[in-house]
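Dear colleague,

Please read them with the model open beside you.

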Amino acid sequence: VISELISSCLTDKNINVEEMLLGDRNAIMTALRITGYGKEYSLNIECPECGKKSKQDFDLSALPIKRLEIEPVAEGSNVFEFELPVTKQKARFKFLTGRDEKEISVVQERQKKQGQTGDNFVTTRLKYALISVGDVKDKGKLQMFISHMPARDSLALRKYMDQHEPGIEMKSWMQCPHCQETSEVRLPVGASFFWPET
């Protein structure tokens, strides 16, 4: 549904919506939401400090945009390089696209239906993002590497990817009326994002 929505709003029909980076898709969805319903986004959200929910109003137009600040291995490609701190291997990765996200959802749903616990969310995302480690490009060998990867390598790679992934930061600040704490919260993008209650 999201892909169809984005596609119908693009003037350049040569753009493959499925190949767009998640950050670009999120930025377009946020712009569409602002255009359609305004910049105010109201929702009940849980306070990270006390756990109680309260209605909060957020300004979508104030969400910061994170631009790509690292160079790809080749101009115009979605392939980046990072040296793993423990194994000292050069890992090549990509930022996930709409197609990747869709495939991850299908795989996880299938595993759930079959009663498999499967990989955790972090490992699954790494399997889709990692292109090569050193000279190894074979998907099976890469999956083995990810399964046995030193924790420090995995954490450093994920942190590097998170720090540099371009897109719109779906985070804002809330003041809890119950405990009076001010906390940064992640804004959920659910059905109410495009179909707000009026």
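The residues that line the largest pocket divide into 20 nonpolar, seven polar and 13 charged, where Ala, Val, Leu, Ile, Met, Phe, Trp, Tyr, Cys and Pro count as nonpolar, Asp, Glu, Lys and Arg as charged, and the others, Gly among them, as polar. The volume of this pocket is about 1,200 Å³, and of its 40 lining residues the closest to the centre are Leu22, Asn26, Glu101, Arg125 and Glu165. A pocket is here an open set of points on a 1 Å grid over the protein atoms alone, where a 1.4 Å probe fits, with protein on both sides within 12 Å along at least five of seven lines, and a lining residue has an atom within 4 Å of a point; the volume is the space filled by probe spheres set on the points, which are joined across faces, edges and corners. At least two lining residues each come from helix H1 (2–9), helix H2 (22–37), helix H3 (98–113), helix H4 (121–129), helix H6 (151–164), strand S7 (167–168) and H7.

Some conventions should be kept in mind. This is a predicted model, in which local features need pLDDT of at least 70 and side-chain atom pairs count only at pLDDT 80 or more, whereas totals for chains, interfaces and linings use all residues. Residues are numbered from 1 along each chain as its sequence is written, and side-chain values use heavy atoms, with hydrogens and water left out.

The protein chain has seven helices and nine strands, these being DSSP runs numbered from the N terminus (helices H or I, at least four residues; strands E, at least two). Its C-alpha trace spans about 55 × 45 × 40 Å along the principal axes, and of its 198 residues 33% count as buried, where buried means under 20% relative accessible area, exposed over 50% and partly exposed in between, with a 1.4 Å probe and protein chains only.

The structure holds seven salt bridges, each defined by a side-chain nitrogen of Lys or Arg within 4 Å of a carboxyl oxygen of Asp or Glu. One of them joins arginine 125 and glutamate 101, at 3.0 Å from N to O; this pair links distant parts of the chain, with arginine 125 in helix H4 and glutamate 101 in helix H3, 24 residues apart. Glutamate 101 is partly exposed, at a relative accessible area of 28%.

Another pairs arginine 92 with glutamate 81, their closest N and O atoms being 2.9 Å apart. Arginine 92 lies in strand S5 (residues 90–93) and glutamate 81 in strand S4 (residues 80–83), so this bridge ties together parts that are 11 residues apart in sequence. Arginine 92 counts as partly exposed at 32% relative accessibility, and glutamate 81 is partly exposed with a relative accessible area of 32%. Lysine 171 and glutamate 169 also meet through their side chains, at 4.0 Å from N to O.

Tryptophan 195 is found in the segment after helix H7 (191–194), and it counts as exposed because its relative accessibility is 60%.

With best regards
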